[in-house]
Amino acid sequence: MNPRRVDLLLASGFHALDCSLLSASARLVPTFQRPEWLHEWRSELWHVRRECLPCCGFSWEAEREVTAFCLGSIPDALCLRRHFRVSGASPAVHGSAAQCVLWLATLLAICAVLARLLPGVQTELESARYHVRPGLLFIHDAASANISIPTISPAQFADWRTTRQRSFDAFAYYRTLRDTAFLPSAHQPTTWTIAHSTPNLFALLGLPVTLAAPMPGDLPAIVLSHRAWVRDFRSDPRVAGRILRLSRVTGRIAGVIPEGPWRLPDDPDAWLMEPSSQMAAASSAAPGFLLAHLSPFGQAEMIGQSVPITVQGPSDSDSDLAGVSFCPQSEDPWSTFKFALFLALLALPAVTSVTLSESSFSAHRPGFKRRLARWLFLAAKMGVIAAIGCYASLDLAFSRVDIASPWAPFVQLVASFVICLFGFRWAVADQRQRCPVCLRRVTHPARVGIASRTFLGWNGTEMVCLGGHTLLHVPSLPTSWFGAPRWLYLDHSWDFLFANNTAA
């Protein structure tokens, strides 16, 4: 084949490839700018081919240079698309404060929806609505350091119950036993931890019994734990009123106690309500747990979270007991988050500078309303980030971890602290790169000066506001006279110039 004909075929193939690259890049440009953009690049391509390609023959080096020029249309189209992301949309939306708040609100909505869909998070949020009654003491033997071990005998409970008290106005007692439960839905009996308690236990704690039903007096009442209700009754809302047979007694289900942060020792599956006289009469039974409510006089005498108690027995023998406040055992998720939020705010100055670079070189400073809007925007960002940290930490802590596990509050604390700390750090860094006038992010970074003249003149990065309001000077090397980024507020003539450039 004629070599000249081969060169013409190769040149035609490369020309078709270059035109295809420009056509493909044009698909990235917004529709209303695509014809003008494509016409401009094709005219530039004509000039490049005329300057680079030889008059006759074929050159691989020249064709590669022309193709590299056409490949440069891709980043140009992407840059144009970033500023005009949606066809026909206003360029003022890109990088604006409204767009930033919208993205943060979308992330917050995702975390909140996940919190509504995850059963563990819902259970924890539901339990946070109930608060243990204040003034409760958990009384145990002073010789036992572990309060989860039962140390109070039924005889001691009977003695306290029948003796006139000045520091306490109510008592509740329960002891736990392993028992066999015959469930209607199970093919074989199930072993439960049953708490034999006085009828006033939940009233003393101040906890409501949900799904409650009126109980006739023929059978003792049984209150299910939330865990047993979900696990063995599959969250049946009509469980109240059913007969439940145990190996030692048969009772009627009175309701379900909601899952919560109180978590009594031994974590029973169900509570069997027995009369106080019957509980006190079981003098030979195993020891249990005693809860007492302080009277107004006892609350006035209470100092700290623990108090020693000396009881004189029938044979003039003294028993050393200890009363521990029951409230510190309650793990409230909101209290955990507030503590993590406090730690994040406390640690924020250690990981970033909290200054916003308010220096200026001109008299055209923004007015009071503009400065107020800037601070309100920063407060809105940090408020939404705090809400994201709250819901996201709950999603992480209670999605797979059992809410009764001691690891769940720890995971929530760490997750809340990390999300809030680095979220606030990003909010402050983002605020430093937003124009104090229009609150849009500055862009188009340009290098100014050279490193060898750092101590003699300006050297760093300069970024401009698309609205033409300000320039941001960021030093490449902080010095004693230029240690932080500075804003330069431009004259009003710049506003007109940038407005014309944007419209063009």
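Predicted model: local features only at pLDDT ≥ 70, side-chain atom pairs only at ≥ 80, totals over all residues.
**Exercise 1. The α2/α3 pair**

Determine how helix α2 and helix α3 are oriented relative to each other, and which residues form their contact.

Solution. 

Step 1. Locate the helices. Helix α2 covers residues 34-52, and helix α3 covers residues 60-71.

Step 2. Take the geometry. The two pack at an angle of about 160 degrees. Their axes are 10 Å apart.

Step 3. Classify the angle. Angles over 145 degrees count as roughly antiparallel. α2 and α3 are therefore roughly antiparallel to each other.

Step 4. Assign the handedness. The crossing of α2 past α3 is right-handed.

Step 5. List the contact. From α2 come Trp41, Glu44, Leu45, Val48, Arg49 and Cys52. From α3 come Ala62, Glu63, Glu65, Val66, Phe69 and Cys70.

Step 6. Sort by class. The contact of α2 with α3 has 8 nonpolar and 4 charged residues, and no polar ones.

**Exercise 2. Thr67**

Decide whether Thr67 is buried or exposed, and describe its surroundings.

Solution. 

Step 1. Thr67 sits in helix α3.

Step 2. Apply the cut-off. Buried means under 20% relative accessible area. Thr67 has 14% relative accessibility, so Thr67 counts as buried.

Step 3. Check the polar side-chain atoms. One of those of Thr67 lies 2.9 Å from the backbone oxygen of Glu63.

Step 4. Look beyond the local sequence. With neighbours within four places in sequence left aside, Thr67 is in contact with Phe14, Asp18 and Leu21.

**Exercise 3. Arg227**

Find which residue the side chain of Arg227 makes a polar contact with, and how exposed Arg227 is.

Solution. 

Step 1. Arg227 belongs to helix α9, residues 226-233.

Step 2. Arg227 has a relative accessible area of 25%, so Arg227 is partly exposed.

Step 3. Collect contacts. Neighbours within four places in sequence aside, Arg227 touches Glu259, Asp267, Pro268 and Asp269.

Step 4. Pick out the polar contact. The side chains of Arg227 and Asp269 make one at 2.7 Å.

Step 5. Compare sequence and space. Arg227 and Asp269 are 42 residues apart in sequence. Their C-alpha atoms are 7.2 Å apart.

**Exercise 4. The whole chain**

State how many helices and strands the chain has, and what share of its residues counts as buried.

Solution. 

Step 1. Count the elements. The chain has 15 helices and 14 strands.

Step 2. Take the burial. Of its 504 residues, 40% count as buried.

Step 3. Take the contact range. Among contacts with a separation of 6 or more, 71% join residues 24 or more positions apart.

Conventions:
Residues numbered from 1 in each chain as written. Heavy atoms only, no water. Axes fitted to C-alpha atoms, helices over the stretch in contact; angles between N-to-C directions. Helix = DSSP H or I, 4+ residues; strand = E, 2+ residues; numbered from the N terminus. Parallel < 35°, antiparallel > 145°, perpendicular 65-115°, else oblique. Left-handed = near helix turned anticlockwise from the far one by under 90°. Contact = heavy atoms within 4.5 Å. Nonpolar A, V, L, I, M, F, W, Y, C, P; charged D, E, K, R; others polar. Buried < 20%, exposed > 50% of the residue type's maximum accessible area, 1.4 Å probe, protein only. Polar contact = N/O pair within 3.5 Å; in protein donor to acceptor, adjacent residues only side chain to side chain.
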